[in-house]
Amino acid sequence: MAIENIDYENLHCSLCKNTASDRVAWILYPVSLSPEWVESASAKYRTSIAVVTGIDWDNALTPWAAPGVPKGSPAFKGEAEQFLIKLTQTLLPLIEAKLGCAETPERTLIGVSLSGLFTLWQWAESDCFHNIATLSGSFWYRDFVKWIWTQHFAGKTGRCFMLLGEAESHSKNPVFATVGKCTEDIACYLRRHGIDVSYKIVKGNHYQYPIERLDMAMSAIYL
């Protein structure tokens, strides 16, 4: 199960094919992941894996324009809709053809931080991905919880895994510090709408223990 690398415009994708099942775990990540971990995770969880990096993190993953955080940071442009189109209509068919997938494999989308925000947002907008996992999702984003409360998630039968570092709610930034309540409110809302949600609070802060957290997500979805 060797790693294959493909570049498309600004995006870089590392993929590992697993023929044991017709499913794909898509991971939207800010940096490259160890090829050794990708190969071992593909074998352990019996899934092909596609890791996408090179994303315009603050803009392509945000659902609408909003002020930058912390205060004084550049504003978020809110270009998630355009990125979702690129991901699902161009990159996904390209990569899954390379992986030899059937037309509609079981897809899981895994995101961290702002890509965790994008992961949940797109689940409400699209049926492309069956399961999702959000690791330290940026649910503090302006008006995001209010927006979630307007969504019905009708017909969603896949699993949703959510994770947050225990130190994140103690941020000195008052916006970031709301993430614990925002995540809990979202998890409760999803459960009320019949979603299979697993939510864990784990040791550490934002972005810490990345491999351990990815393994938690993959285990929750596949084992």
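The second largest pocket has a volume of about 300 Å³. The model is a predicted one, in which local features require pLDDT of at least 70 and side-chain atom pairs count only at pLDDT 80 or more, whereas totals for chains, interfaces and linings use all residues. Residues are numbered from 1 along each chain as its sequence is written, and side-chain values use heavy atoms, with hydrogens and water left out.

A total of 20 residues line this second largest pocket, and Ser113, Ser138, Trp140, Phe176 and His206 lie nearest its centre. Here a pocket is an open set of points on a 1 Å grid over the protein atoms alone, with protein on both sides within 12 Å along at least five of seven lines, and a lining residue has an atom within 4 Å of a point. Grid points are joined across faces, edges and corners, and the volume is the space filled by probe spheres set on the points. The lining of the second largest pocket divides into 10 nonpolar, eight polar and two charged residues. In this classification Ala, Val, Leu, Ile, Met, Phe, Trp, Tyr, Cys and Pro are nonpolar, Asp, Glu, Lys and Arg are charged, and the others, Gly among them, are polar.

The largest pocket holds about 390 Å³ of space. Its lining comprises 23 residues, and those nearest the centre are Trp140, Tyr141, Arg142, Asp143 and Val175. By class, 14 residues of the largest pocket's lining are nonpolar, three are polar and six are charged. Helix 5 and helix 6 (179-192) each contribute at least two residues to this lining; helices (H or I, at least four residues) and strands (E, at least two) are DSSP runs numbered from the N terminus.

What of enclosed space? A cavity is a set of grid points where a 1.4 Å probe fits but cannot get out, and one cavity of 30 Å³ or more was found. The largest cavity contains about 50 Å³. Tyr29, Val112, Leu135, Ser136, Tyr207, Gln208, Pro210 and Arg213 form its lining, with five nonpolar, two polar and one charged residues.

Tryptophan 123, in helix 4, is buried, with a relative accessible area of 0%. Beyond residues up to four places away in sequence, the contacts of tryptophan 123 include Phe129, His130, Phe153, Lys156 and Ile195. Serine 48 belongs to strand 4 (residues 48-53) and counts as buried at 2% relative accessibility. Among the contacts of serine 48, its neighbours within four places in sequence left aside, are Cys16, Arg23, Ser42 and Leu99.

Five salt bridges were found in the whole structure, each being a side-chain nitrogen of Lys or Arg within 4 Å of a carboxyl oxygen of Asp or Glu. One of them joins glutamate 9 to lysine 86, with the closest N and O atoms 2.8 Å apart. Glutamate 9 lies in the loop between strand 1 (3-8) and strand 2 (11-16) and lysine 86 in helix 3 (residues 80-98), so the pair ties together parts that are 77 residues apart in sequence. Glutamate 9 is exposed at 58% relative accessibility, whereas lysine 86 is partly exposed at 22%.

A salt bridge also forms between the side chains of arginine 107 and glutamate 96, at 2.7 Å from N to O. This pair links distant parts of the chain, 11 residues apart, with arginine 107 in strand 5 (residues 106-112) and glutamate 96 in helix 3. Arginine 107 is buried at 9% relative accessibility, and glutamate 96 is buried at 5%.

Aspartate 127 and lysine 156 likewise meet through their side chains in a salt bridge (2.9 Å, N to O). Aspartate 127 is exposed, with a relative accessible area of 68%, while lysine 156 counts as buried at 14%.

Key. Buried means under 20% relative accessible area, exposed over 50%, partly exposed in between (1.4 Å probe, protein chains only). Contact means heavy atoms within 4.5 Å.
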